[in-house]
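Work through the exercises below with the structure in view. Try each task before you read its solution.

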Amino acid sequence: MNQLRKEGYVEDFNLLKNCLECRNGQFKVFANEFKVDKINDLNPYFRKYTI
């Protein structure tokens with residue numbers, strides 16, 4: 001995550017069944033509202049996506 005922050009990514013999203021969420025569930029983004037451009041594969045059991 002530190003490298004992504006250096007590249008300008010500021011949000012940390014969690015993958016849910018029908019959307020991505022951030023800020024402890026205060027903000028949700030649905031599939032038609034984002035494009036995944038990088039995936040953090042450091043932990044295959046808990047992936048965090050950036051948009």
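**Exercise 1.** Classify glutamate 11: is this residue buried, exposed or partly exposed?

*Solution.* The model is a predicted one. Start with the relative accessible area of glutamate 11, which is 22%. Buried means under 20%, and exposed means over 50%. Glutamate 11 is therefore partly exposed.

**Exercise 2.** Find the side chain that meets glutamate 11 in a salt bridge, and say which parts the pair ties together.

*Solution.* Step one: the partner is arginine 23, with 2.5 Å from N to O. Glutamate 11 lies in the loop between α1 (2-6) and β1 (13-15), and arginine 23 in the loop between β2 (19-22) and β3 (27-30), so the pair ties together parts that are 12 residues apart in sequence. Step three: check the total. The count comes to one salt bridge.

**Exercise 3.** Glutamate 21 has no salt bridge; how far away is the nearest side chain of opposite charge?

*Solution.* First, locate the residue: glutamate 21 is in strand β2. Next, look at its setting. Glutamate 21 is buried. Leaving out residues up to four places away in sequence, glutamate 21 touches Asp12, Phe13, Asn14, Leu16, Phe27 and Lys28. Now take the charge. The nearest side chain of opposite charge belongs to lysine 28, 4.5 Å away. A salt bridge needs the nitrogen and the carboxyl oxygen within 4 Å. Glutamate 21 therefore has no salt bridge.

**Exercise 4.** Which ring does the charged end of arginine 23 sit over? How many aromatic pairs does the structure hold?

*Solution.* Begin with arginine 23. Its charged end sits over the ring of phenylalanine 27, 6.0 Å from the ring's centre. Then turn to ring-to-ring pairs. The structure holds zero aromatic pairs.

**Exercise 5.** Which element has the lowest mean pLDDT, and which the highest?

*Solution.* Take the whole chain before its elements. The mean pLDDT of the protein chain is 76, and 73% of its residues reach 70 or more. Among the elements, strand β5 (residues 48-50) has the lowest mean, 53. β3 has the highest, 90. Where pLDDT is low, the predicted coordinates should not be read in detail.

Technical notes. Residues are numbered from 1 along each chain as its sequence is written. This is a predicted model: local features need pLDDT of at least 70, side-chain atom pairs count only at pLDDT 80 or more; totals for chains, interfaces and linings use all residues. Side-chain values use heavy atoms; hydrogens and water are left out. Helices (H or I, at least four residues) and strands (E, at least two) are DSSP runs, numbered from the N terminus. Buried means under 20% relative accessible area, exposed over 50%, partly exposed in between (1.4 Å probe, protein chains only). Lys and Arg count as positive and Asp and Glu as negative; His and the chain ends are not counted. Contact means heavy atoms within 4.5 Å. Rings of Phe, Tyr and Trp (its six-membered ring) pair if their centres lie within 6.5 Å; planes under 30 degrees apart count as stacked, over 60 as edge-to-face and the rest as tilted. A charge sits over a ring if NZ of Lys or CZ of Arg is within 6 Å of the ring centre and within 35 degrees of the ring normal. pLDDT is the predictor's confidence in each residue, from 0 to 100.
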